Amino acid sequence: MDISLADLAFIILAGFTLLTALGVVLFKNIVHSAIMLVFSFLGVAGIYFTMHAGFLGLVQILVYAGAISVLIIFAIMLVMNQDPEKTNLPSPNIPNIMAGTYLTILLVGALVGSIWFTSFPEKVAPVSGDELGLLTGLMLGDYVIPLELAALLLLVAVVGAIILARGAEHK
Amino acid sequence: MSDYATIGVFLLLTMAFPIAAMAASWMFRPKPKSSEDKMLPYECGVDTKGKTWIRFRVSYFLYALVFLAFDVGVVFLFPWAAKFKFLGIYAFAAMLIFISLLLIGLWYAWKEGALEWY
């Protein structure tokens, strides 16, 4: 079996992503879990780069590893008021475990099913050269309304969070 | 793949540089026994008081959220800025609406005092 350089890069990055994702679940300290999540996001960004989706990889680093993770860490810091070593223990509650197991089976089933029933063409032609131009054309052409809606969504998120935080402070 | 190889080499070099600097300082420095005082986290030369794992103020979260809004904005602005020469006045107007919507969020945060630090 031949393993090309691209395959090797994918195997290393996929392994890294899986290990760090496992770390998110298994670490006892939820802050360590959050840091593992950042590494997991970076691993996914690396996989995007190996697929020649450079812009998507940059977005993954900028938004997920950069901003979403900061938001998650701050959310943890806001609500944490116990011993940090015991913040991410597996739940002792039986219904919780059963619900988690059910959700896992459902997700894995959906994933395996969708991979199994998708017919992958042998060779897909890569997007010719100017990936960014193509993206810009679509973004500001056919999808200009969703673009403005995304801005509106961000606006609602900011305003909503401020109202919630102000309400908490006035009490 | 060659472009990515350049980035890869650059990444490895930038990772190796701080490791080499720290290894060199570890090699040449005197190594006295560590004491409790030496293991304290450095906080502007002042000893920390109480537990460091505490709850944070909600202001940090609001700052992070305003940052996130503009960070996601950058994602849309970047391809627009990179291809600005080939886009018309229509795209410019669309982006102006986009930015002004985000600015309303900033204005609201400012008005409500979410950016004040006291």
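**The nonpolar core and its surroundings**

Analyst: In this predicted model, the largest nonpolar core has 32 residues, and those with the most contacts inside it are A:Val158, B:Leu62, B:Leu65 and B:Ala69.

User: What makes these residues a nonpolar core?

Analyst: A nonpolar core is a set of buried residues of kinds such as Val, Leu and Ala, joined through C-beta atoms within 7 Å. Buried here stands for 20 or more other C-beta atoms within 10 Å of a residue's own. A:Val158, B:Leu62, B:Leu65 and B:Ala69 are counted in the core of 32 residues, so they meet these conditions.

User: Which elements give two or more residues to this core?

Analyst: Chain A contributes through helix 2 (30–50), helix 3 (54–79) and helix 6 (144–170), and chain B through its helix 2 and helix 3. The largest share, 9 residues, comes from helix 2 of chain B. On the side of chain A, the core draws at least three residues from each of domain 1 (1–92) and domain 2 (130–171).

User: How do you know which residues B:Leu65 touches?

Analyst: Two residues are in contact if their C-beta atoms lie within 7 Å. Leaving aside residues up to four places away in sequence, B:Leu65 touches A:Leu71, A:Ala157, A:Val158 and A:Ala161.

**Where the chains meet**

User: How many residues of each chain are in contact with the other?

Analyst: On chain B there are 37 such residues, and on chain A there are 39. Helix 2 (58–82) and helix 3 (89–111) of chain B each give two or more residues to the side of chain B that touches chain A. Helix 2 of chain B supplies the largest share of that side, 18 residues.

User: What kinds of residue make up the side of chain B that touches chain A?

Analyst: It divides into 32 nonpolar, 1 polar and 4 charged residues.

**The shape of each chain**

User: Why is chain B called more spread out than a compact globule?

Analyst: Chain B comes to 3 helices and 0 strands. For 118 residues the globule rule gives 13 Å, whereas the radius of gyration of chain B is 24 Å, well over that value, so chain B is more spread out than a compact globule. Its C-alpha atoms fill a box of roughly 70 × 50 × 15 Å along the principal axes.

User: What does the corresponding comparison give for chain A?

Analyst: A compact globule of 171 residues would have a radius of gyration near 16 Å, but chain A has 21 Å. Its C-alpha trace spans about 55 × 45 × 30 Å along the principal axes. Chain A has 6 helices and 0 strands, and its domain assignment gives domain 1 (1–92) and domain 2 (130–171). The centres of these two domains, taken over C-alpha atoms, are separated by 24 Å.

User: What share of each chain counts as buried?

Analyst: In chain A, 16% of the 171 residues count as buried. In chain B, buried residues make up 14% of the 118 residues.

**Confidence**

User: How do you know how confident the predictor is in chain B?

Analyst: The score pLDDT gives the predictor's confidence in each residue, from 0 to 100. The mean for chain B is 84, and 97% of its residues reach 70 or more. In chain B, confidence is lowest in helix 2, at a mean of 86, and highest in helix 3, at 90. For the complex, the predictor gives an ipTM of 0.72 and a pTM of 0.77.

Conventions. Residues are numbered from 1 along each chain as its sequence is written. Chains are lettered from A and ligands numbered from 1 in the order in which they are written. This is a predicted model: local features need pLDDT of at least 70, side-chain atom pairs count only at pLDDT 80 or more; totals for chains, interfaces and linings use all residues. Helices (H or I, at least four residues) and strands (E, at least two) are DSSP runs, numbered from the N terminus. Ala, Val, Leu, Ile, Met, Phe, Trp, Tyr, Cys and Pro count as nonpolar, Asp, Glu, Lys and Arg as charged, and the others, Gly among them, as polar. A residue is buried if 20 or more other C-beta atoms lie within 10 Å of its own, exposed if 12 or fewer, and partly exposed in between; C-beta atoms are placed from the backbone. Domain bounds come from an automatic or database domain assignment. The radius of gyration is taken over C-alpha atoms; the globule rule is 2.2 Å times the number of residues to the power 0.38.
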